[in-house]
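Please look at the chain below, and keep the sequence beside the picture while you read.

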Amino acid sequence: MLKVHHLSESRSQRILWLLEELGLDYEVVRYERDPKTGFAPPELKAIHPLGKSPLVEDGGRVLAESGAIIETLIRKYGQGRLSPAPEDLDRYTHFLHYAEGSAMLPIVQLLYVKRLGDAAAPIKPRIDSELKSHLSYLEGSLQGREYLVGNALTGADIQLSFVLEAAKSFRLLAELPNFTAYLDRLHARPAYQRALERGGPYKMGR
Ligand SMILES: N[C@@H](CCC(=O)N[C@@H](CS)C(=O)NCC(=O)O)C(=O)O
């Protein structure tokens, strides 16, 4: 059976959602963040040297990195589900990689500079302009669409969900109507709700 090493309030929530959408059996091993630093506990390093979540054990192999996990599990178990139509493959691949490769960067930077207080002043405008650029690109990419790629849920929506949930937790989505409607649509899915039950408390994006 698949085993998900799930860190509280983290990117692994979207992997639980993926597994629920695919209707797969899986075990959840939960880990709590250090309340002061927010870091994962050292036990995760025994599973994978990076010690980050999500990590998935599948038949003795350890899968790391959300985008790779999503791609691998859909390829192995999807039977066509959550995959793009052939004509949408380029767009799908772009967003699957873009979410962590580009869009998450200024959000993580924002998280870090918040700890610096006034010392962050010289770099904050640059982070803000990057955030604005990525969020307006994504807002435009959702214009007139229910889902990011084609007209049904794919792995790209699941991968992007954490970006938007993190942005929402920083109150960055307030004036972006396409995002808000899209995120509400994703959150209303029964599989998303089941994943919340499996993962435990998850305040991100609320
Ligand atoms: N790009 C990686 C990022 C993994 C990552 O940084 N995970 C965070 C959780 S959201 C983590 O484990 N943080 C705890 C730590 O760094 O100790 C992915 O998408 O899997």
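Glu 65 is found in the loop between strand S4 and helix H3 (66-77), where helices (H or I, at least four residues) and strands (E, at least two) are DSSP runs, numbered from the N terminus. Although Glu 65 is not a glycine, it has a positive phi of about 85 degrees. This is a predicted model, in which local features need pLDDT of at least 70 and side-chain atom pairs count only at pLDDT 80 or more, while totals for chains, interfaces and linings use all residues. Residues are numbered from 1 along each chain as its sequence is written, and side-chain values use heavy atoms, with hydrogens and water left out.

Another loop, the one between helix H2 (43-47) and strand S3, holds Pro 54, and the peptide bond that leads from Ser 53 to Pro 54 is cis, with omega near 10 degrees.

Strand S3 (residues 55-58) is joined to strand S1 (residues 2-7) by three bridges, and the two run antiparallel; strands are said to pair if DSSP finds at least two bridges between them. Within this pairing, Val 4 stands opposite Val 56 in S3. S3 is also joined to S4 (residues 61-64), by four bridges and again in an antiparallel way, and here Leu 55 has Ala 64 in S4 as its bridge partner. S3 and S4 form a hairpin with two residues between them, and Gly 59 in the turn has a positive phi of about 55 degrees.

On a 1 Å grid over the protein atoms alone, a pocket is an open set of points with protein on both sides within 12 Å along at least five of seven lines, a cavity is a set of points where a 1.4 Å probe fits but cannot get out, and lining residues have an atom within 4 Å of a point. Grid points are joined across faces, edges and corners, and a volume is the space filled by probe spheres set on the points.

The largest pocket has a volume of about 1100 Å³, and of the 35 residues that line it, the closest to its centre are Arg 11, Arg 33, Lys 52, Leu 111 and Tyr 112. Helix H4 gives the most to this lining, with seven residues, and the lining divides into 19 nonpolar, eight polar and eight charged residues. In this division Ala, Val, Leu, Ile, Met, Phe, Trp, Tyr, Cys and Pro count as nonpolar, Asp, Glu, Lys and Arg as charged, and the others, Gly among them, as polar.

There is also one cavity of 30 Å³ or more, and its lining consists of Ala 103, Ile 107, Leu 131, His 134, Leu 135, Leu 138 and Val 163. Helix H4 (89-113) and helix H5 (124-141) are the elements that give two or more residues to this lining, with the largest share, four residues, coming from H5.
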